[in-house]
Amino acid sequence: MTLNQFTNQLGYFQANLETQLDVTPTVQNVFEDLRITWTDQPEYQYNTRLGSRGEVLFDLKGVWKIDLVGTWQGATNDNLVLRARIGQGASYNEYPPVKWNGRGGNNWAISYSLIANISGEDNLLFQLKNEDDTAQSSMMLGIVTAVKIY
């Protein structure tokens with residue numbers, strides 16, 4: 001089908017957290033890449049792929065709606081910060097973070113959502129920062145989705 005201003009190529013991605021993600025930051029107050037083990041569900045991936053380091057790979061440029069929802073535990077009374085990075089090679093855009101306090105080591109449901117302009121074969125990865133120390137934090141359950149909206 002020939003593309004024109006009235007046609008929009010479809011793209012979507014969904015994956016669930018396959019195994020618990022345990023994160024122990026090596027440096028306090030520095031963002032570190034999360035190497036998340038997502039389930040590879042090709043039936044929920046169209047014009048997207050799952051990368052070898054847990055990143056989402058986009059095959060189409062356009063405007064995408066991206067969501068990550070996770071249940072975090074640990075890092076008692078620490079301020080944790082989660083953000084997304086999108087790009088390729090040495091060129092990445094860093095998106096505004098979401099911050100929470102792991103008070104009491106309880107479970108915390110954290111939602112991270114953004115609309116991003118993907119410029120071709122970009123990849124998406126998430127980063128976590130512990131602002132207080134290097135204590136371990138864990139994502140117990142999680143899901144990531146991306147839908148091309150334009």
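I began with the side chain of Glu-55, which reaches the backbone nitrogen of Arg-53 at 3.2 Å. I am working from a predicted model, where local features need pLDDT of at least 70, side-chain atom pairs count only at pLDDT 80 or more, and totals for chains, interfaces and linings use all residues. Residues are numbered from 1 along each chain as its sequence is written, and side-chain values use heavy atoms, with hydrogens and water left out.

Where does Glu-55 sit? I found Glu-55 in the loop between strand 5 (48-50) and strand 6 (56-58); strands are DSSP runs (E, at least two residues), numbered from the N terminus.

Buried or exposed? I noted Glu-55 as buried, because its relative accessibility is 7% (buried means under 20% relative accessible area, with a 1.4 Å probe and protein chains only).

Next I listed contacts (heavy atoms within 4.5 Å). Not counting residues up to four places away in sequence, Glu-55 touches Arg-49, Leu-50, Asn-123, Leu-124 and Leu-125.

Then I turned to the nonpolar core (buried Ala, Val, Leu, Ile, Met, Phe, Trp, Tyr and Cys residues joined through side-chain atoms within 4.5 Å). The largest one has 33 residues, and Leu-34, Ile-66, Trp-72, Leu-82 and Phe-126 have the most contacts inside it. Strand 11 (108-118) is among the elements that give this core two or more residues, and the largest share, 5 residues, comes from strand 11.

Last, I checked Leu-82: leaving aside neighbours within four places in sequence, its contacts include Leu-34, Trp-72 and Phe-126.

Methods. Helix = DSSP H or I, 4+ residues; strand = E, 2+ residues; numbered from the N terminus. Buried < 20%, exposed > 50% of the residue type's maximum accessible area, 1.4 Å probe, protein only. Polar contact = N/O pair within 3.5 Å; in protein donor to acceptor, adjacent residues only side chain to side chain.
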